[in-house]
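Subject: Structure for your review

Dear colleague,

Please find below the structure that I am handing over to you.

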Amino acid sequence: MSGNGDGPSQESRNDLSGDSRDVVQAGSVAGGIHFHQGRDREGGGPTPRQLPADVHAFVNRTDELRQLKAILTDRSGDRLVVSVHVVAGTAGAGKTSLVLHWAHEVKDHFPDGQLFINLRGYDPGEPVTANQALRRFLAALGVPADRIPQDVDEAASLYRSLLAERRVLIVLDNAATASQVRPLLPGGGTSLVIVTSRSRLTGLAVRDGARHLSLGTLPEQEAVALLRAVTSNYRPEDGEEKLTELSRLCARLPLALRIAAERAASHPHMRIDDLIADLRDESALWDALSTGIDEDAEAVRSVFAWSYRALPAQSARLFRLLGLHPGPEFSLHAAAALAELPPRRTRPLLDDLVGAHLLEQIAPDRFQFHDLLRAFAAHQAQSDEPSEQRAMALHRVLEWYLHTADAAQSWIKPIEERLTLTEPADTVSPTSFPDYDTAVDWADREHSILIRLASTAFSAGFDSLAWQLAEVLWNARSPSSSVLDWLDTGRAGLAAAERAHKPVAQIRLLNNLGMAYRQCHRLEDGLDCHQRALELARAEEVPFDEARSNNLIGLIHLDSRQLDPAAEHFERAAAQFRELDEPRRAAMALSNIASTRLDSGRLQEAETAAQQALSAHRALNNQRSVGNALNILAEIRREQGRHEAALSAIEEALDIALNLRSHTLEGFWLLTLGDIQRSTARLGDALASYHRSAKLHRGLRNRSREALAWRGTGQTYVAMGRHDEAVAFHRQAAVVHAELSDTWQRVLELDCLAAAVQPEDPGAARAHWAEARSGLAAYSDPRAVALRTRIEEELAGP
């Protein structure tokens with residue numbers, strides 16, 4: 001199992017899986033196959049306490065609270081009456097407030113904690129995906145960010161495992177569809193899921209046994225009680241009849257009632273008759289503009305407008321400008337960029353909006369909209385803000401994100417070249433970071449916003465911002481994020497660079513897209529991107545990018561086992577990098593040459609190139625690349641029978657991987673360690689190495705390398721005389737290689753499978769060898785020729 005030279009930005013096979021990380025279900029590998037090493041088990045982990053604060057002055061809804069409490073048995077009971085409950089109702093009906101108030105009352109029934117997420121199913125922007133929600137929940141349950149699987153099914157499997165023996169309350173707020181919710185349901189146990197939605201989500205009842213509670217508008221008496229609870233300390237003289245009329249104008253919806261009550265409380269000397277007249281006038285205006293489809297919605301919008309028009313001018317302007325923000329939540333500094341104000345002057349304006357219940361503060365210096373209010377703010381921006389001002393505000397906030405992401409890149413990927421950006425406007429104050437961890441924290445926190453920025457810029461016609469954002473965000477991505485999340489960003493950036501006629505930007509983005517596609521095993525798409533980049537680099541006479549494209553094309557050929565074309569591209573890239581005085585890149589290409597020679601079976605040539613690459617990488621202090629060269633040397637020495645020298649090299653490489661906290665490198669290099677241990681009859685140690693490698697690669701979504709770990713396991717079981725277990729691993733690995741259309745690896749797996757089944761079923765072994773021989777027809781390198789010769793000898797035997 002050979003690898004190839006490592007370098008920056010996924011420009012080697014070792015970086016194939018990029019920034020994804022690991023974790024599988026304890027002890028599980030795939031499809032019913034298990035390692036027999038004893039079960040790994042996640043520790044108890046922290047107890048999450050994610051419930052937002054209880055609602056101030058919550059009143060009534062007594063019948064609904066009683067129905068929710070009926071879900072639970074007594075505190076000592078192990079069983080819930082139901083495990084999934086949907087609270088459905090119209091927008092603004094107070095679903096979240098009801099559930100949060102109830103959750104705070106019963107949280108002691110759930111000693112293992114509470115999980116909460118707003119799925120934003122009805123937000124004007126993109127909803128939170130199940131995968132994004134799982135990542136947040138797994139982090140809250142104690143799974144390190146770099147160990148959370150990227151695949152939604154794998155993440156859901158781990159999530160169910162962690163909840164299996166816990167009693168947790170899970171609140172899924174603002175769900176739009178059953179499919180958004182279903183991966184977040186525990187597999188069993190005593191946890192409880194409460195879902196709020198405008199829909200009844202009947203699919204959850206049919207498939208998952210969910211119960212429903214429908215929430216309508218408040219009865220008149222309860223609506224008046226809510227108004228009085230908020231205003232009584234400020235306006236005790238307001239009479240029942242007037243409060244009843246005010247509640248009717250609010251359609252007796254709690255969201256509108258609270259906003260109206262807050263305004264009444266903030267104007268204690270204004271007669272309630274005047275407040276009602278103002279709101280009635282606002283309602284008449286909205287009635288004139290109404291389609292008549294939803295009277296409740298029109299009433300809510302009337303209350304929004306009534307409260308909005310009472311704001312001070314600067315606060316009102318900030319409110320509508322926030323409607324332009326690409327996402328539903330934002331920081332103080334992003335709001336300041338929109339408002340064209342310093343943060344110290346923006347903060348009191350945000351406080352005004354929070355006080356008026358038009359905005360919610362969710363963390364220090366972080367805020368979010370209710371989805372109805374976000375839509376209203378966007379509408380007001382369109383109607384009240386001149387188009388030129390809207391464009392300038394959006395440009396400012398996108399510029400703020402661009403420069404802040406650039407600052408994050410300087411920590412997250414310091415070795416990568418940074419774009420030369422124009423200085424931001426005087427009113428844009430990008431955030432800077434004191435260290436790596438704060439930069440990564442920012443990238444994690446802003447992830448759901450960052451993935452929207454390039455598309456937003458492109459749609460607005462800000463082409464320069466769009467392609468610059470795409471480039472910067474390639475290197476400023478959180479290490480725990482999936483490269484899949486960047487694909488839309490990359491495509492939008494490329495379209496913007498094409499529209500703006502920026503060929504150099506196109507070249508870089510094409511190569512980034514090619515690396516992303518390669519990580520997804522979409523090799524044809526990756527090759528197309530790199531070839532287009534190569535052609536552009538030649539046409540524009542950009543020799544560095546020409547060399548880089550050659551190296552990346554070589555990697556696609558190497559992954560496809562087209563060894564001669566791979567070697568040609570690596571040789572060409574190495575020569576170009578040397579001519580450009582790029583020693584780091586030249587050494588990287590040399591490592592790739594060593595890998596190509598190793599894959600073809602030319603061991604002496606491979607060792608010469610690997611030793612040269614190792615010396616160059618050590619001189620340049622490129623630790624990651626030093627480790628890769630050591631891994632190549634370890635594989636060469638193992639094949640040469642120099643096991644002690646091989647072990648020394650791979651142990652040094654693995655120390656580097658651990659110091660770098662790189663599970664990509666650790667997982668791949670553990671395959672080599674397992675091979676060495678198996679070759680020296682340290683079979684228990686070999687199984688442990690393959691087991692760890694399989695777990696890491698499962699989390700990295702690298703199915704090919706996970707299958708290589710299964711191959712090593714199968715070979716080890718053959719050496720232990722446990723042929724049935726070996727056959728199971730080899731069969732599963734062969735299926736994966738077939739699904740990935742990896743003919744070479746499938747040939748190798750069929751050879752191993754034949755050896756495993758031969759003692760019990762020689763006929764089946766001959767069939768597997770015959771299939772392997774057929775697959776070898778496409779290859780003519782020395783290693784393939786030697787394998788074909790041996791298989792033909794097996795088939796010719798008795």
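The notes below describe what was found, beginning with the overall picture and then going from part to part.

**Overall picture**

Please keep in mind throughout that this is a predicted model. The protein has 798 residues, and 57% of them count as buried. Its secondary structure comes to 35 helices and 10 strands. Among the contacts with a separation of 6 or more, 70% are made by residues 24 or more positions apart in the chain.

Strands of a sheet pair through backbone hydrogen bonds, either parallel or antiparallel. In this protein, an open sheet of five strands shows parallel pairing, with the order β4-β5-β6-β3-β7. The edges are formed by β4 (114-118) and β7 (211-215); each has a single partner strand, so one side of each is left without a neighbour in the sheet. On average, neighbouring strands of this sheet are turned by 15° against each other, direction ignored.

The pairing can be followed strand by strand. β4 is joined to β5 (residues 169-175) by five bridges, and the two run parallel. β5 in turn pairs with β6 in the parallel sense, over five bridges, and here Ala-175 has Ser-197 of β6 as its bridge partner. Five bridges also join β3 to β6, again running parallel; Val-86 has its bridge partner in β6, namely Val-195.

How many of the six residues of β6 are buried? Six of the six are, so that the strand is described as mostly covered. In a regular strand the side chains alternate between the two faces of the sheet. In β6, Leu-192, Ile-194 and Thr-196 lie on one side, while Val-193, Val-195 and Ser-197 lie on the other, and both faces are covered.

A helix also belongs to this picture. Helix α2 (residues 95-106) lies across β3 (84-89), β4, β5, β6 (192-197) and β7, and it runs at about 160° to β6.

**The sheet of three strands**

A further open sheet has three strands in the order β8-β10-β9, with antiparallel pairing. Its edges are β8 (329-331) and β9 (360-363), each with a single partner strand, so one side of each is left without a neighbour in the sheet. Neighbouring strands of this sheet are turned by 35° against each other on average, direction ignored. Three bridges join β9 to β10 (residues 366-368), and the two run antiparallel. Within this pairing, the bridge partner of Glu-360 is Gln-368 in β10. Helix α13 (residues 332-339) packs on the sheet and touches β8 and β10; its direction makes about 85° with that of β8.

**Residues with a positive phi**

Most residues other than glycine have a negative phi, and most peptide bonds are trans.

- Arg-561 has a phi near 55° and lies in the loop between α23 (543-559) and α24 (563-579).
- Ala-681 has a phi of about 65° and is found in the loop between α29 (663-679) and α30 (683-699).
- Ala-251 has a phi near 60° and follows helix α8. Within α8 (residues 240-249), Leu-243, Thr-244, Leu-246, Ser-247 and Leu-249 are buried.

Are Arg-561 and Ala-681 buried or exposed? Arg-561 is buried, with a relative accessible area of 8%, whereas Ala-681 is exposed, with a relative accessible area of 62%.

**The second largest pocket**

The second largest pocket has a volume of about 1,200 Å³. It is lined by 40 residues, and those nearest its centre are Leu-708, Arg-711, Trp-744, Gln-745 and Leu-748. The elements that give two or more residues to this lining are α23, α25 (583-600), α27 (623-639), α29, α31 (703-719), α33 (743-757) and α35 (782-796). Which helix gives the most to the lining? That helix is α33, with seven residues. By type, the lining divides into 16 nonpolar, nine polar and 15 charged residues.

With kind regards

How values were computed:
Residues are numbered from 1 along each chain as its sequence is written. This is a predicted model: local features need pLDDT of at least 70, side-chain atom pairs count only at pLDDT 80 or more; totals for chains, interfaces and linings use all residues. Side-chain values use heavy atoms; hydrogens and water are left out. Two strands pair if DSSP finds at least two bridges between them. Helices (H or I, at least four residues) and strands (E, at least two) are DSSP runs, numbered from the N terminus. Axes are lines fitted to C-alpha atoms, for helices over the stretch in contact, and angles run from 0 to 180 degrees between N-to-C directions. Contact means heavy atoms within 4.5 Å. Buried means under 20% relative accessible area, exposed over 50%, partly exposed in between (1.4 Å probe, protein chains only). On a 1 Å grid over the protein atoms alone, a cavity is a set of points where a 1.4 Å probe fits but cannot get out, and a pocket is an open set with protein on both sides within 12 Å along at least five of seven lines; lining residues have an atom within 4 Å of a point. Grid points are joined across faces, edges and corners, and a volume is the space filled by probe spheres set on the points. Ala, Val, Leu, Ile, Met, Phe, Trp, Tyr, Cys and Pro count as nonpolar, Asp, Glu, Lys and Arg as charged, and the others, Gly among them, as polar.
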